[in-house]
Amino acid sequence: MANVSLVTGFFLLGFSDVPELQIFHGVLFLLMYLAALMSNLLITTLTTLDLKLQTPMYFFLKNLSLLDVSIVSVPIPNFIVNSLTHDNSISILGCAFQILFMTSFSAGEIFVLTAMSYDRYVAICHPLHYEAIMNGRACALMAGASWALGGLFGAVYTAGTFSMPFCGSSVIPEFFCDIPSLLKILCSQTPMVVYISIGIGTCLSMSCFICIVISYVYIFSTVLKIPTTKGQSKAFSTCLPHLLVFTIFIVTAYFVYLKPPSNAPSVLDRLLSVLYTVLPPAFNPMIYSLRNSDMKWALIRLLQKLKVQRLSPLNKSKCLSRT
């Protein structure tokens with residue numbers, strides 16, 4: 001330990017050392033971030049204000065959108081600032097907060113996606129008992145548990161990772177603090193609490209995955225028994241978006257967190273990191289809204305309401321001027 005220098009801060013490798021390319025990357029990520037932010041906030045607004053969207057499915061969709069906003073808001077703004085200022089350094093405390101929030105929100109998203117699959121299972125396989133099972137209290141409990149368990153897992157995992165000092169190279173070969181790179185530069189062996197957290201996280205994620213698979217096995221078997229093609233397509237249209245979102249999130253997270261750390265990451269490694277942080281938050285609103293007539297009509301009603309509110313002061317002023 002005497003000949004090993006302790007790390008007091010980290011340097012995020014990013015995508016390029018060329019200042020012009022760094023500015024280009026910063027502006028590009030800014031545009032992607034704004035697109036993901038506005039689309040998810042739009043879904044949150046519609047599912048909150050529109051009375052016809054006050055159902056369990058859209059309640060969980062609102063929570064999913066809030067988690068997407070939270071996930072994309074952890075690493076991307078920091079990368080944008082670093083790219084525009086040509087300063088890729090980050091403190092240990094800043095890195096710890098990145099790990100805390102990203103693991104918490106990612107775990108929370110897995111739990112919310114699992115709750116959404118259970119909601120679709122009850123709606124399709126037990127429609128007569130749907131309102132009794134998926135009542136407001138049950139939905140609030142599942143959503144609250146998703147956020148709380150995600151936060152607890154993130155706190156334990158982060159505390160374990162940063163309980164030991166870091167030695168050697170301070171370069172993290174990503175544009176955000178990723179766990180495999182941090183575990184590689186720990187001064188001593190990986191703390192037992194990290195292994196416990198990884199084991200718990202693996203068991204929880206596998207349990208959620210198995211629950212979702214079982215739910216969809218029952219869902220598809222029930223949907224295929226529907227006699228009309230129209231009924232089948234309507235049932236599939238409410239389930240396939242959720243299944244697609246879950247697949248994108250799990251696949252990208254798998255390649256980011258379970259890949260072996262590398263001092264010189266390939267183009268594919270960096271692309272997968274971008275896909276994990278940007279793709280789910282940006283694509284989820286598109287997947288849920290493009291083929292969803294309820295969301296489209298809710299947007300039309302909101303625009304009409306805003307138009308009426310904007311025109312009403314003008315009409316009042318015209319009436320006053322006439323009098």
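**View 1. Helix 1 packs against helix 2.** Helix 1 (residues 19-49) and helix 2 pack at about 155 degrees, and their axes lie 9 Å apart. Helix 1 is therefore roughly antiparallel to helix 2. Their crossing is left-handed. The model shown here, and in every view below, is predicted. Two packed helices are described by the angle between their axes and the distance between the axes. Leu30 sits in helix 1. Leu30 has a relative accessible area of 34%, so it counts as partly exposed.

**View 2. Helix 2 meets helix 4.** Helix 2 spans residues 56-72, and helix 4 spans residues 92-125. Their axes come within 10 Å and cross at roughly 165 degrees. That angle is why helix 2 counts as roughly antiparallel to helix 4. Helix 2 passes helix 4 in a left-handed crossing.

**View 3. Helix 2 meets helix 6.** The axes of helix 2 and helix 6 also come within 10 Å. Here the crossing angle is roughly 15 degrees. Helix 2 is therefore roughly parallel to helix 6. The crossing of this pair is right-handed. Helix 6 covers residues 136-161, and Val156 is found there. At a relative accessible area of 35%, Val156 is partly exposed. The C-alpha atoms of Val156 and Ser104 are separated by 9.8 Å. Along the chain, Val156 and Ser104 are 52 residues apart.

**View 4. A salt bridge links Arg301 and Asp50.** The closest N and O atoms of Arg301 and Asp50 are 2.9 Å apart. Arg301 lies in helix 11 (residues 293-322). Asp50 lies in the loop between helix 1 and helix 2. The pair therefore ties together parts that are 251 residues apart in sequence.

**View 5. A salt bridge joins Asp119 and Arg120.** A search of the whole structure finds two salt bridges. One of them is formed by Asp119 and Arg120. Their closest N and O atoms are 2.9 Å apart. Both Asp119 and Arg120 are buried.

**View 6. A nonpolar patch lies on the surface.** Seven side chains make up the patch: Met206, Phe209, Ile210, Val213, Ile214, Val217 and Tyr218. Together these residues have about 630 Å² of accessible area. Val213, one of the members, lies in helix 8. That helix spans residues 192-223. Val213 has a relative accessibility of 38%, so it counts as partly exposed.

**View 7. His86 has a positive phi.** Phi of His86 is near 60 degrees. This is a positive value in a residue other than glycine. His86 belongs to the loop between helix 3 (76-85) and strand 2 (89-91). With a relative accessible area of 40%, His86 is partly exposed.

**View 8. Phe10 is buried in strand 1.** Strand 1 covers residues 9-12 and includes Phe10. Phe10 has a relative accessible area of 3%, so it counts as buried. From C-alpha to C-alpha, Phe10 and Asn88 are 8.4 Å apart in space. In sequence, Phe10 and Asn88 are 78 residues apart.

**View 9. The whole chain gives the setting for the close-ups.** The protein has eleven helices and three strands. From the N terminus on, its elements run β-α-α-α-β-α-α-α-β-α-α-α-α-α. The protein has 323 residues, and buried residues make up 43% of them.

How values were computed:
Residues numbered from 1 in each chain as written. Predicted model: local features only at pLDDT ≥ 70, side-chain atom pairs only at ≥ 80, totals over all residues. Heavy atoms only, no water. Patch = residues over 30% accessible without salt bridge, like charges linked within 9 Å, V, L, I, M, F, W, Y side chains within 5 Å. Areas by Shrake-Rupley, 256 points an atom, 1.4 Å probe, with all protein chains shown as cover. Salt bridge = Lys/Arg side-chain N within 4 Å of Asp/Glu carboxyl O. Helix = DSSP H or I, 4+ residues; strand = E, 2+ residues; numbered from the N terminus. Buried < 20%, exposed > 50% of the residue type's maximum accessible area, 1.4 Å probe, protein only. Axes fitted to C-alpha atoms, helices over the stretch in contact; angles between N-to-C directions. Parallel < 35°, antiparallel > 145°, perpendicular 65-115°, else oblique. Left-handed = near helix turned anticlockwise from the far one by under 90°.
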